[in-house]
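This briefing goes through selected helices, a hairpin and a surface patch, with the sequence and the structure for reference.

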Amino acid sequence: MFLAQCAILQAAPPLPSAADSLFTGGRPLEAYQQYRQLLHRRLVSRQQLLRMAAVQESHDQYPAALYYLNLYQQYYPSPAVWRKTAELAATHRLTGYPDNWRQQLGLSLRRYYPTVLQGLLAIGVAVGTLLLVRRRGLARGWWLTYGFYLLFVLAFLNIFDTSTVGLVCRPRAALMSAPSAGAAWLTTAAAGDRLLVRGQQDIWYKVLWRGRTAYIRQHDLLLVQ
């Protein structure tokens, strides 16, 4: 069951070094509780998320381990960590964890996305400023080229926009054909199944399941964010 992420501690978080000391000192469960408090404040690190996943996996709480591994991908896209995530999901026969060349390529591109985007925007600002300064006498083709460049940057923003994903946090969660308890039942999702979220309607999330639209109650899905 995905109980490790269905509640968040409200106590004041300790310093990161305290949790690290507990973990290296052979007290992983105590370290995990403190790591959760840090996560509640959006204080995260690569080591922290991997350690949280390891603690949950060691106690057979694989849905919680998968949550932290998915969260790791949100902050630090890594093909190597994704392979571990996909292997763990496959072991428990969970869906939504593709391990193919497209997924690996996407993660590699996302890893360098901020740097590339910053460079594209910097070039756009510099060229746009230069065109404005020297606008007199410039051929129309320069402005058209600059317009196409801006369209390319816009496309880059849209193509690599990170999709919202959620993990089923309750066993045997129902997927429905419409946002209603009286709608047709499609299937039952297992705790840890990974779904792409396409929207929200009342108490339901609109998700993508096996290439088709489905709906799941909000309390049955934990967003990775």
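The points below are grouped by topic and describe a predicted model.

**Helix α5 and its surroundings**
- Helix α5 covers residues 79-91, which makes 13 residues.
- From the first C-alpha to the last, α5 reaches 18 Å, close to the 18 Å expected at 1.5 Å a residue.
- Seen residue by residue, α5 has buried positions at Pro 79, Val 81, Trp 82, Thr 85, Ala 86, Leu 88 and Ala 89.
- After α5 comes Arg 93, which has a positive phi, near 55°.

**Leu 88 within α5**
- Leu 88 belongs to helix α5.
- Its relative accessibility is 7%, and because buried means under 20%, Leu 88 counts as buried.
- Leaving aside residues up to four places away in sequence, Leu 88 touches Glu 57, Tyr 62, Ala 65, Leu 66 and Leu 69.
- Between Leu 88 and Leu 29 there are 21 Å from C-alpha to C-alpha, with a separation of 59 residues in sequence.

- A nonpolar patch on the surface is formed by Leu 144, Phe 148, Leu 151, Leu 154 and Leu 157.
- Together, the residues of this patch have about 490 Å² of accessible area.
- One of them, Leu 157, lies in helix α8, which takes in residues 140-159.
- Leu 157 has 32% relative accessibility and therefore counts as partly exposed, the range for that class being between 20% and 50%.

**Val 127 in helix α7**
- Helix α7 takes in residues 113-133, and Val 127 is part of it.
- With 34% relative accessibility, Val 127 counts as partly exposed.
- Val 127 and Tyr 146 are separated by 19 residues in sequence, and their C-alpha atoms are 7.9 Å apart in space.

**The β5-β6 hairpin**
- Strand β5 (residues 204-209) and strand β6 (residues 212-217) run antiparallel and are joined by six bridges.
- One of the paired positions is Lys 206, whose bridge partner in β6 is Tyr 215.
- Two residues lie between the strands of this hairpin, and Arg 210 takes a positive phi near 50° there.

Methods. Residues are numbered from 1 along each chain as its sequence is written. This is a predicted model: local features need pLDDT of at least 70, side-chain atom pairs count only at pLDDT 80 or more; totals for chains, interfaces and linings use all residues. Side-chain values use heavy atoms; hydrogens and water are left out. Patches are made of residues with over 30% relative accessible area and no salt bridge: like charges are joined within 9 Å, nonpolar side chains (Val, Leu, Ile, Met, Phe, Trp, Tyr) within 5 Å. Accessible areas come from the Shrake-Rupley method with a 1.4 Å probe; for residues, only the protein chains shown count as cover. A salt bridge is a side-chain nitrogen of Lys or Arg within 4 Å of a carboxyl oxygen of Asp or Glu. Helices (H or I, at least four residues) and strands (E, at least two) are DSSP runs, numbered from the N terminus. Buried means under 20% relative accessible area, exposed over 50%, partly exposed in between (1.4 Å probe, protein chains only). The expected span of a helix is 1.5 Å times one less than its number of residues. Contact means heavy atoms within 4.5 Å. Two strands pair if DSSP finds at least two bridges between them.
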